[in-house]
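Hi,

Here is the structure I promised to pass on to you. Have a look at it first, and then read on for my notes on what turned up.

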Amino acid sequence: MSHSHLTVPKPEIFESRKINRVLSALLGIGAFSLLVTLIVGFAAPGGSDLRRQFAFSWLFAFLYFFTILIGCFFWIIVHHATDSGWGIVVRRQMENLASLLPWMLLFFLPLFFVRRDIWDWITAKDSPVLDPHLRDKIGYFELHFGSLVVPFFWIRAILYFAFFGFAALYFRRTSIRQDSDGDPKWSIQMRGFSFPGILLFAACTTFIAFDWFSSPDYRWASTMWGVYIFAGAAGAGMALIILVVIALKHAGYLRFVNEEHYHIMGKLLLTFSIFWGYIGFSQYMLIWYANIPEETEWFLRRNIESWNVLNTFLVIGRFFIPFFYLLFQYTKRNAKLLAAISFWILGMHILDTYVTIMPFVHPRGFELSILDLLSLLAIGCPLAFIFVRRLGGVSLFPSRDPRLLESLKLSN
Amino acid sequence: MSAAAATRKPAFGVIAEFASATTLYEAAEKVRDAGFKFWDVHSPFPIHGMNKAMGLGKSPLGYIIFCGGFLGFTTAVLLEYIPSSFLFPLIVHGKPVNFFTVPPFFPIMFELTILISAFTAFFGVFILNRLPRMHHPLFDYAAFSRVTNDAFFLVIESGDPKFSETETRGFLEDIGGREVTVLYAND
């Protein structure tokens, strides 16, 4: 109300020409890492240590970026479903980030070619005596109708990419269309699509957690696992959104984003740090208490030798540090402090993915490999390049959204 | 009570009515800038940003709740470890009885932290607002009953160092207050 003098800002277009050198550096590093990683990985004979190292490094890097992007996608649909007004000014960045999801299909392809080194059910299902665990779960990987075998595992993978790809592009395209005609019907339409979107998102995330994160060891099962992956993904997605918004403001765009917006995003970051800890602990405690060998095996494997150090550090770093740090209003409202903890949470998300995936290939304790780093660069740099190019085409915020003014004069 | 005091009770404060939430908000900003300390606004619904317009600082409630939560957490730790690690250590399921038996203790630590901090929040709000209170001088003002329906009020209390019956009254009329009335304490 005191902002009655406030006017709607003009659309802002990002000038990527100013950072051409950064862009070409990204492209150079990305192409180099991609080439080296893929050549080393595919030159190594199938089943060898090097091939397995490559397969799991790539899986780790792929899942790291994939979960962050589905986290960003989650914030778009929640934003529409709750019809919230606070985040209109930052929503375009969520859309830009989530629209990288179709590109992830390209980075998924190498995993298909090294599938025998990652998913042990693929080799185990051909053995003459089927493991009883696999016998009960085989319908989950392959459906048998008489002599017809339907590869359900791979069909699901296609469905995930179809859903995330089309949904992310739909929300971005509709939002951009509203920039030109300012018709409120697009807001209402997007809200309508967000409700089934939430259901499909939950189903896809849960099954992705089972398919890609935990089925390299098909014996293990936990109904909490999908929620655990989701909790980490949503927190990391918000951390990346915060960093992109702060970087854009630092570069002179989005001047109207203020500490009120940071405050809300900081609160969501805190919420999802707590949620991650809550879900992770609930899962751990039930398995610890029941003490059933096929369940405890997962945590035993991740708590022997040096893995125990990393896992203990993960609990402190992903829950306790952000919790006490973000508990104070001051840290949530200060751009520098909020950016620092967002970097920290993205780093902890690397560790989270690492201690989930890597014990499959290094059961005797962690061994860093240059392929881990190269895989991260090989996927991260091209994604960053595409993202920066994508920033340039359209306004940096939904300039004719009917609730833009509400978002501009936000107060907590 | 003497006869002279009964005829001239001390003033409780000056009340002014405003037409809308917007005018009340703008008036609050002016009262804040004039440097008043003991005053309040009353409206049928919460007004976003009013705490800033009134120049209210941060409530100490958050820190009090943190202490309450910490107390609950410590209670749970002691309540669980002293009996099950020192007084009556029982080995169940082959689980340890030392520090590493912590997983089943976490839910209780969590619950007690939440419980005590919720109690602290609930009673803290009461104490900070000096509640429960059976009566308030404002309730003697007949028009004030409309505050839960469609009226917006601003009251400057006589306890304020800058308060004076005539000047404050004039000030409230200047910033757009209607029906400016001096209220007297009833006891």
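B:Pro132 sits in the loop that runs between helix 5 and strand 3 of chain B; helices (H or I, at least four residues) and strands (E, at least two) are DSSP runs, numbered from the N terminus. The peptide bond leading from B:Leu131 into B:Pro132 is cis, with omega near -5°.

Before going further, some housekeeping: this is a predicted model, in which local features need pLDDT of at least 70 and side-chain atom pairs count only at pLDDT 80 or more, while totals for chains, interfaces and linings use all residues. Residues are numbered from 1 along each chain as its sequence is written, chains are lettered from A and ligands numbered from 1 in the order in which they are written, and side-chain values use heavy atoms, with hydrogens and water left out.

Next, the sheet in chain B. This open sheet has 4 strands in the order 2-3-1-4, with antiparallel pairing (two strands pair if DSSP finds at least two bridges between them). Strand 2 (39-42) and strand 4 (178-184) of chain B are at the edges with a single partner strand each, so one side of each has no neighbour in the sheet. From one strand to the next, the twist averages 20°. Strand 2 of chain B pairs with strand 3 (residues 152-157) of chain B in the antiparallel sense over 4 bridges, and B:Trp39 has B:Ile156 as its bridge partner in strand 3 of chain B. Helix 2 of chain B packs on the sheet, where it touches strand 1 (11-18), strand 2 and strand 3 of chain B, and its direction makes about 20° with that of strand 3 of chain B. Axes here are lines fitted to C-alpha atoms, for helices over the stretch in contact, and angles run from 0 to 180 degrees between N-to-C directions.

Now the interface. Here 20 residues of chain B are in contact with 14 residues of chain A, contact being heavy atoms within 4.5 Å. About 1400 Å² is buried between chain B and chain A, and carbon and sulfur atoms give 71% of that (buried area is the accessible area, with a 1.4 Å probe, that two parts lose on being put together, summed over both). The rule finds 1 salt bridge across the interface of chain B and chain A, a salt bridge being a side-chain nitrogen of Lys or Arg within 4 Å of a carboxyl oxygen of Asp or Glu. B:Lys52 forms a salt bridge with A:Glu260, and their closest N and O atoms are 3.1 Å apart. Helix 2 (21-33) and helix 5 (102-128) of chain B are the elements that give two or more residues to the side of chain B that touches chain A. Helix 5 of chain B supplies the largest share of that side, 5 residues.

Over all chains, a search of the whole structure finds 20 salt bridges. One of them joins A:Arg92 to A:Asp179, with the closest N and O atoms 3.0 Å apart. A:Arg92 lies in helix 3 (residues 88-98) of chain A and A:Asp179 in helix 8 (residues 152-181) of chain A, so this pair ties together parts that are 87 residues apart in sequence.

One last item in chain A: A:Glu305 has a positive phi of about 50° although it is not a glycine, and A:Glu305 lies in helix 13 (residues 305-326) of chain A.

Best wishes
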